[in-house]
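Reader: I would like to go through some of the labels used for this model and see what each one rests on.

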Amino acid sequence: ILSPNKSVAAYDLTVCDLADGKGNVIPVSDIEVFNQHYMRTYTQSNKYHDPGWYPDAIIPFENAKAKGENIIIAGDNQGIYVKVETHENTVAGDYTGNFTLTIDGSDYVVPVNVHVYDFAVPEGGFPINFGTLWLNYLTQGDYDAGIDMWTKYYEYFLDHGMSVFDIPIEGADVDGWLNRLDKYYDKLSAYHLPYELGFTWEPSGRLWRYGPDYDELEMLIKKIVKFSVEKGKDYVSKAYIYNFHADEYDQTAAFGDERIKNAMYFADRCFIIYNNVIKYFDLTYGTQYIDSVEGLRESIGDIGAISVCGSWVDGVTDKFNTLCPSLPGFFRFRTAYGDDWVEKFIADDSKRMTSTWWYTTIGCDYPDRPGYQIDDPAVDERIMSWMQYYYGVEGHLYWATNLYTDTREYGKSPGDEWTVANRCTGGKWNGDGYLVYPGYDYGIDGPIGTI
């Protein structure tokens, strides 16, 4: 952190190899330098931190320099963010070296020590998570929502331990999609089954329902099962399906009863499809076909049908196998049923539940509930995963990762992503709905990360 008492016209940081004195080195190629970009908030996301300037985006340093942003006004603070990457074969120990900080032509030595612990984080191995990546927002931030840009965002999040909803695919090329599923499968924690929207006739109610094309969904699952048998690997175990048209169905004051009806129909149809798929393969190829891949039969029947709600609705919520309450809803359940309510519900045979997620959107108020606000303590984001572990919450759904517009303006103010900290309806949630910034403004083909 630089805090000069006079204005700085230019600053730079030169990094070097770090060595442990025993012949082991962390090379410069594994060290990245970023310039912290500050966002101004005008409201409080919590009761503790006043409106003001907060660091959020971390701009690759050379790109920040190219835009002339390596300056500091007297009395301001400016952070430089350094990322050191180690590998599975990096020898544990202390690595040291001297970086050089240059301020207005004068050099300063910055001693650096990196302690490497004697363990490796497995490839993948993250908690199950989903974040929605909105392609329409990509057009407003990067002016490009094509397959290449979509892929860059998808892979960026995957590299940082987050699985965004949809695997990038151009058009309706199912074979191409399966190949991409194969490419990413070991690294992702979950994937969304893509489906077309359409009207489905419901004979019992004699009406048309708008939502997933269930015939297409069944055909897609069959193709994934076939692909799994051909490859000898279970590609179904990380599959989930989420019907946006049954989202937050318990909010009848806002949506009426129609979403509840859609949610009931959606959950029942999903399980009919799962059973149809199993019966199809057993009748067509014999039971040994699915059973040739360990766990595949169970995975088909356990595809996660995600129930996003804030409260329990009898006769609806119990039809889903993946309960996903909002964070406030989760704590309402905890208050009503105790700390071990997740375990109790999963053990209840009257419910289809096999797992519980939670989802984060507006309403996470430090210190009562953790969230991803800019003006919350950074430990808040780390606490989120530890709480998942403590309560037995298997997955985490985050409502948006790239909110590049102010939704209060109904998407009519693109280009505000570097000046508007609070973009979503609700009034005070700084940083909610976006974990990255568009690289376009800095000549980067892809997203820019945040602290």
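Reader: Which residue just after α10 takes a positive phi?

Author: G338 does, with a phi of about 100°. This is a predicted model, in which local features need pLDDT of at least 70, side-chain atom pairs count only at pLDDT 80 or more, and totals for chains, interfaces and linings use all residues. Residues are numbered from 1 along each chain as its sequence is written, and side-chain values use heavy atoms, with hydrogens and water left out.

Reader: What makes α10 a helix, and which of its residues are buried?

Author: Helices are DSSP runs of H or I with at least four residues, and strands are runs of E with at least two, numbered from the N terminus. Helix α10 covers residues 327-337.

Reader: Why is α4 called oblique to α5?

Author: The axes of α4 (residues 174-184) and α5 (residues 214-231) come within 11 Å and cross at roughly 55°. Angles under 35 degrees count as roughly parallel, over 145 as roughly antiparallel, 65 to 115 as roughly perpendicular and the rest as oblique. The crossing angle falls in the rest, so α4 is oblique to α5.

Reader: How do you know that β4 and β5 pair?

Author: Pairing requires at least two bridges found by DSSP; 6 bridges join β4 (residues 31-40) to β5, and these strands run antiparallel.

Notes: Buried means under 20% relative accessible area, exposed over 50%, partly exposed in between (1.4 Å probe, protein chains only). Axes are lines fitted to C-alpha atoms, for helices over the stretch in contact, and angles run from 0 to 180 degrees between N-to-C directions.
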